[in-house]
Amino acid sequence: GGWPVGIRNPLFPKQRLATILLKSQALSSSGSGVQHFRHSGKRYGHILDPRTGWPAEGMLSVTVLAPTAAQADALSTAFFALGVEIARRYCDNHQEVKALLVPPPCRGRTLEPINCGIPESCLHFATDGEQAET
């Protein structure tokens with residue numbers, strides 16, 4: 001049926017956010033869950049927005065499914081920097097590309113991932129506290 005791939009929770013990297021069943025496609029994730037720092041109460045990730053030269057804001061993690069690894073890798077970084085609306089629009093116009101977008105929580109610590117085209121049969125969200133694979 002495919003390879004189950006665990007997606008880490010970007011706020012709690014030892015916990016799994018979801019599992020994606022990967023079959024006949026490539027997957028890449030970009031995020032700030034591990035590589036970030038805080039300064040004056042603000043979180044800064046390692047992915048830079050080329051438009052500003054500053055760390056990209058507005059996303060915690062992005063996972064992309066695409067026909068090739070190079071395409072998935074490039075798009076996960078681009079979607080992270082460019083944000084939800086551009087990522088959604090791209091996925092809507094390129095049916096072979098699918099994405100799981102995780103913006104920062106609006107209320108408290110509840111994440112609200114955005115699924116852009118990944119079939120429900122291939123995406124399983126973890127229960128609270130489920131451990132991520134290391």
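Analyst: **A helix and its surroundings**

The axes of helix 1 and helix 2 come within 7 Å and cross at roughly 140° (axes are lines fitted to C-alpha atoms, for helices over the stretch in contact, with angles from 0 to 180 degrees between N-to-C directions). That makes helix 1 oblique to helix 2, oblique being what is left after under 35 degrees (roughly parallel), over 145 (roughly antiparallel) and 65 to 115 (roughly perpendicular). The model is predicted: local features need pLDDT of at least 70 and side-chain atom pairs pLDDT 80 or more, while totals for chains, interfaces and linings use all residues. Residues are numbered from 1 along each chain as its sequence is written, and side-chain values use heavy atoms, without hydrogens or water.

Across their contact (heavy atoms within 4.5 Å), Gln71, Leu75, Phe79 and Leu82 of helix 1 meet Ile86, Ala87, Tyr90 and Cys91 of helix 2. Just after helix 1, Gly83 has a positive phi of about 100°.

Helix 1 has 14 residues and spans 20 Å from first to last C-alpha, close to the expected 20 Å (1.5 Å times one less than the number of residues). Its buried residues (under 20% relative accessible area, 1.4 Å probe, protein chains only; over 50% is exposed, in between partly exposed) are Ala72, Leu75, Ser76, Phe79, Phe80 and Ala81. They pack against strand 3, strand 6, helix 2 and strand 7.

Helix 1 lies across strands 3, 6 and 7, at about 25° to strand 3. These strands belong to an open, antiparallel sheet of four, in the order 3-6-7-8 (strands pair if DSSP finds at least two bridges between them). Strands 3 and 8 are at the edges with a single partner strand each, so one side of each has no neighbour in the sheet. Five bridges join strand 6 to strand 7, and Val62 stands opposite Leu101 in strand 7.

Not counting residues up to four places away in sequence, Val64 touches residues including Ala72, Leu75, Ser76 and Phe79.

Key
Helix = DSSP H or I, 4+ residues; strand = E, 2+ residues; numbered from the N terminus.
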